Amino acid sequence: MQKLQTSQPQTAAKKPSYDRADWQRGYESQPNEFDYWIDNIEGKIPAGLQGTFFRNGSGLLDVNGQPIHHPFDGDGMICAIAISEGRAHFRNRFVRTEGYIAEQKAGKILYRGFGTQKPGGPLANIFDVKVKNAANTNIIYWGEKLLALWEAGQPYRLDPCTLDTLGLDTLDGILQPGEPFAAHPRIEKGKNGAGDRLVNFSVKQGLSSTITIYELDESGKLLQRHAHTIPGFALLHDMVITPNYCIFFQNPLSFNPLPFLLGFRSAADCLKFSPNKPTQAILIPRNGTDEVKILETKPCFVFHHCNAWEEAGEVFVDSICYESFPAVEAEGGFREVDFDSLPVSELWRFKLNLQDKTVQHQVVETRCCEFPTLHPNNVGQPYRYLYMGVADAPRGNAPLQAILKFDFVTGEKQIWSAAPHGFAGEPVFVLRPDAVAEDDGWLLSLMYDAANHRSTLMILDARDITKGPVARLHLKQHIPHGFHGCFTPNVLLPIGS
Ligand code: FE2
């Protein structure tokens with residue numbers, strides 16, 4: 001096992017590092033779409049950095065003034081920043097989903113979401129189980145297709161240069177109409193001449209949960225598809241892979257469908273966390289055999305895993321863990337959430353012994369964290385460096401305002417913070433051309449700058465993030481706090497840009 005130093009408890013911050021109104025303003029809708037060359041750049045875009053950064057997130061946090069109740073329910077809006085020869089071009093477009101088109105035409109909320117009800121009380125929601133595919137969670141560029149992902153629905157395909165919506169995509173017939181495709185695929189780098197693989201999953205809920213695994217080659221052709229049923233309800237947002245397994249954490253969360261069916265509550269409000277039940281680590285063999293392994297560990301809730309690998313007969317999983325489900329219980333919606341009442345997300349390391357079916361866990365970092373990322377060549381392999389969005393303060397729950405680099409070998413932590421007025425987005429690691437060292441690259445993160453009510457693409461040198469961004473690409477407008485993105489070395493621009 002790699003040498004690991006754990007975080008020590010530290011004195012609580014006396015005063016918040018952020019102004020709540022600043023954070024809330026970062027959730028104002030951005031209904032407009034833009035196309036321009038970024039002319040406000042501090043610092044210099046590194047010479048070797050070339051390609052396109054894509055990011056997805058909720059662009060609308062209201063429909064014609066009717067607020068949505070949960071940040072997961074906003075319409076997906078894609079940002080694309082194409083970087084070439086020291087210049088950068090910005091473009092954003094809403095995904096023209098069925099729901100976006102219908103609601104914009106009607107000028108009101110027509111769909112239920114994960115945590116949002118249609119206005120009008122239970123009578124307006126009763127027996128309406130159709131939840132909007134917001135296409136807002138992730139964006140991938142695979143097999144020359146740009147796909148906006150939302151875990152309970154089919155991907156929407158967009159033109160990678162113009163961001164025009166091309167429609168729902170079955171991945172050339174891999175998916176049946178309506179079959180979902182999760183928002184957290186993992187890309188396994190090919191070794192010894194083999195091509196890269198995209199590994200993803202979908203979940204079908206009933207009295208039990210059926211997990212389907214998909215493995216696609218670089219051209220998007222299906223290499224593997226197999227389904228496995230596990231007992232009970234499973235909210236599975238993410239998974240990790242090793243050379244032999246797809247690994248899921250089935251958190252002790254149950255779903256009571258009755259208040260949802262009768263229109264009294266949103267789906268999110270029908271979830272219940274059981275603190276006395278274990279979390280189950282589910283290991284599905286990637287070769288498609290039925291030898292699924294289920295191991296029990298401490299109760300916790302996980303949205304995002306960092307990485308997993310196999311070592312000396314054991315499986316290691318690094319995850320961002322909450323002690324319970326972080327439910328939005330504020331009457332006025334997520335903007336009014338009480339951060340102090342929510343569990344803090346921490347970095348935990350799990351060691352799974354498949355022989356004796358035991359799991360050990362270790363809390364590695366107690367600073368509030370989310371959106372982990374790493375060098376793409378180390379997905380499913382042992383690794384040294386992890387990058388995450390973190391809170392500015394070392395203790396307590398707070399919005400993400402900083403980027404942390406964790407060195408698992410030395411235990412060293414590097415932090416760069418955008419506090420008090422900056423709010424961090426997911427960091428995306430981009431390799432420097434001809435890089436040798438694992439941290440030889442850049443971190444790209446779209447941050448909300450409340451002081452100027454605009455967003456900025458921060459480019460950090462991953463070798464030393466404490467120096468601060470080597471370049472800050474200031475946009476002309478703000479982009480609401482978002483979710484996930486990717487980077488491709490292809491410079492994708494419309495003809496004539
Ligand atoms: Fe996610």
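A: The side chains of R286 and E188 are joined by a polar contact of 2.8 Å. A polar contact is a pair of N or O atoms within 3.5 Å; within protein, one must be able to donate a hydrogen and the other to accept it, and residues adjacent in sequence count only if both atoms are side-chain atoms. This is a predicted model, in which local features need pLDDT of at least 70 and side-chain atom pairs count only at pLDDT 80 or more, while totals for chains, interfaces and linings use all residues. Residues are numbered from 1 along each chain as its sequence is written, and side-chain values use heavy atoms, with hydrogens and water left out.

Q: Where is R286 found?
A: R286 is in the loop between β21 (279-285) and β22 (293-297). Helices (H or I, at least four residues) and strands (E, at least two) are DSSP runs, numbered from the N terminus.

Q: Is R286 buried or exposed?
A: R286 counts as buried, because its relative accessibility is 7%. Buried means under 20% relative accessible area, exposed means over 50%, and partly exposed lies in between (1.4 Å probe, protein chains only).

Q: Which residues does R286 touch?
A: Not counting residues up to four places away in sequence, R286 touches a list of residues that includes E188, R197, E215, H226 and Y245. Contact here means heavy atoms within 4.5 Å.

Q: What joins E215 and R197?
A: Their side chains meet in a salt bridge, at 2.7 Å from N to O. A salt bridge is a side-chain nitrogen of Lys or Arg within 4 Å of a carboxyl oxygen of Asp or Glu. E215 belongs to strand β15 (residues 208-216) and R197 to strand β14 (residues 197-205), so the pair ties together parts that are 18 residues apart in sequence. E215 is buried, at 1% relative accessibility, whereas R197 is partly exposed, at 29%.

Q: Why can such side chains pair?
A: Side chains of opposite charge can pair when their charged atoms come close.

Q: How many salt bridges are in the whole structure?
A: A search of the whole structure finds 28 salt bridges. One of them is between K132 and D75, whose closest N and O atoms are 2.9 Å apart. K132 is in the loop between α3 and β9, and D75 is in strand β7 (residues 75-84), so this pair ties together parts that are 57 residues apart in sequence. Both K132 and D75 are buried.

Q: What about D169 and K145?
A: D169 and K145 also form a salt bridge, with their closest N and O atoms 3.0 Å apart. This pair links distant parts of the chain, 24 residues apart: D169 is in the loop between β12 (165-168) and β13 (186-188), and K145 is in strand β10 (residues 145-149). D169 is buried, with a relative accessible area of 8%, and K145 is buried at 8% relative accessibility.

Q: Which residues are linked in a network of salt bridges?
A: R432, D440, D461, R463 and K467 are linked in such a network.

Q: Turning to the backbone, which residues does a cis peptide bond join?
A: A cis peptide bond joins A419 and P420, with omega at about 5°. P420 lies in the loop between β30 (413-417) and β31 (422-423). For context, most peptide bonds are trans, and most residues other than glycine have a negative phi.

Q: What is phi for N64, and where does N64 lie?
A: N64 has a positive phi of about 50°, although it is not a glycine. N64 is in the loop between β5 (62-63) and β6 (66-67), and it counts as exposed, at 64% relative accessibility.

Q: And what is phi for L163?
A: Phi of L163 is near 65°, a positive value in a residue other than glycine. L163 is in the loop between β11 (156-158) and β12, and L163 counts as buried, at 1% relative accessibility.

Q: Finally, what pLDDT does the chain average?
A: The chain averages a pLDDT of 94, and 96% of the residues score at least 70. pLDDT is the predictor's confidence in each residue, from 0 to 100. Over residues 5-11, pLDDT stays under 50, and the model has 16 contacts beyond four places in sequence for these residues.
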